[in-house]
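Student: I would like to learn how to read helix packing from a model. Where do we start?

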Amino acid sequence: MVKRIIMLGAPGSGKGTWSKVLSDTLSLPHISSGDLFRHELKVESELGEKVRHYLENGLLVPDEVTIALVEKTICEGAGKDGFILDGFPRTIFQAEALERFLDERHLSIDAVIDLVVDEAVLIERILSRRVCTKCGKPYNTTSMVPMVEGVCDDCQGPVIKRSDDTEETLKKRFKAYHDETEPLVSYYRERGKLIEFSNTAPPGEATKNELLGLLGLGQDNG
Ligand SMILES: [Zn+2]
């Protein structure tokens, strides 16, 4: 049974979308590092206070805090019976910590899915993204254009381009990805955990079944 899954992929490769698809299909919680931070702030835990300090000062949450938070969540909290991890591990250091604390509990990662998308396609995809600032509905300038330009179909809120979806911030995000996160692909390949999935089409029945097939979960078991 595949219960502990990590999603890897460059910015805009669809980690969130595919995590949600797998989470619904396999009934496993989708655990993203961003959600973990937000949850911890809400319950006002001791870790949450640390997280708040960094976020409020515009600082990156340090590894030790992130690692402690993930350990707590996937060993004792929502993910103790399985999970889809999205946004963690982000570095080899985090992956080693994850392996260590799972080992201590005689647990291990079952599969690491690398969403493989051509970088030029990703950049185009991100730059064409638009979002409704009122209800959060996603749009883009190619296949999901609102009926009235700049106006949300559902709530009539303003549809805009996110301020961090620019070429300059993208360059920085891709550089950080290549320098820090991409080495995880070889790390997990060496451990026999890596599954490469070419995610060029949006999630649909066919692509979903293809991914489940790669995980060894045929349609009949799903
Ligand atoms: Zn809207």
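Tutor: Start with burial. A residue is buried if 20 or more other C-beta atoms lie within 10 Å of its own, and exposed if 12 or fewer do. Keep in mind that this is a predicted model.

Student: Which residues are buried in helix α2?

Tutor: Helix α2 spans residues 33-43, and Leu36, Phe37 and Glu40 are buried there.

Student: How do the buried residues of α2 fall when seen down its axis?

Tutor: First the general idea. An α-helix has 3.6 residues a turn, so residues three or four places apart point the same way. Now the case here. The buried residues of α2 fall within an arc of 100 degrees, so they line one face of the helix.

Student: Which exposed residues does the face turned away from the buried side carry?

Tutor: Gly34 and Lys42 are the exposed residues on that face of α2.

Student: What do the buried residues of α2 pack against?

Tutor: Their partners are β2 (30-32), α3 and α4.

Student: Now helix pairs. At what angle do the axes of α3 and α4 cross?

Tutor: Read distance, angle and hand together. Helix α3 covers residues 46-56 and helix α4 covers residues 63-75. Their axes come within 11 Å and cross at roughly 145 degrees. The crossing is left-handed.

Student: Which residues of α3 and α4 meet?

Tutor: From α3 come Leu47, Lys50 and Val51; from α4 come Val65, Ala68 and Leu69. By class, this contact has 5 nonpolar residues, no polar ones and 1 charged.

Student: How do α4 and α5 cross, left-handed or right-handed?

Tutor: The crossing of α4 and α5 is right-handed. Helix α5 is residues 92-103, and the two axes come within 10 Å and cross at roughly 35 degrees. On the α4 side, the contact uses Asp63, Ile67, Val70, Glu71 and Cys75. They meet Phe93, Gln94, Ala97, Leu98 and Phe101 of α5. The classes are 7 nonpolar, 1 polar and 2 charged.

Student: Let us step back to the chain. How many helices and strands does it have?

Tutor: The chain has 9 helices and 8 strands. Its radius of gyration is 18 Å, close to the 17 Å that the globule rule gives for 222 residues, so the chain is as compact as a globular protein of that length.

Student: What share of the 222 residues counts as buried?

Tutor: The buried share is 25%. Contacts give another view. Among those with a separation of 6 or more, 67% join residues 24 or more positions apart.

How values were computed:
Residues are numbered from 1 along each chain as its sequence is written. This is a predicted model: local features need pLDDT of at least 70, side-chain atom pairs count only at pLDDT 80 or more; totals for chains, interfaces and linings use all residues. Axes are lines fitted to C-alpha atoms, for helices over the stretch in contact, and angles run from 0 to 180 degrees between N-to-C directions. Helices (H or I, at least four residues) and strands (E, at least two) are DSSP runs, numbered from the N terminus. A crossing is left-handed if the near helix is turned anticlockwise from the far one by less than a right angle, and right-handed if clockwise. Two residues are in contact if their C-beta atoms, placed from the backbone, lie within 7 Å. Ala, Val, Leu, Ile, Met, Phe, Trp, Tyr, Cys and Pro count as nonpolar, Asp, Glu, Lys and Arg as charged, and the others, Gly among them, as polar. The radius of gyration is taken over C-alpha atoms; the globule rule is 2.2 Å times the number of residues to the power 0.38. The arc is that of the directions from the helix axis to the C-beta atoms.
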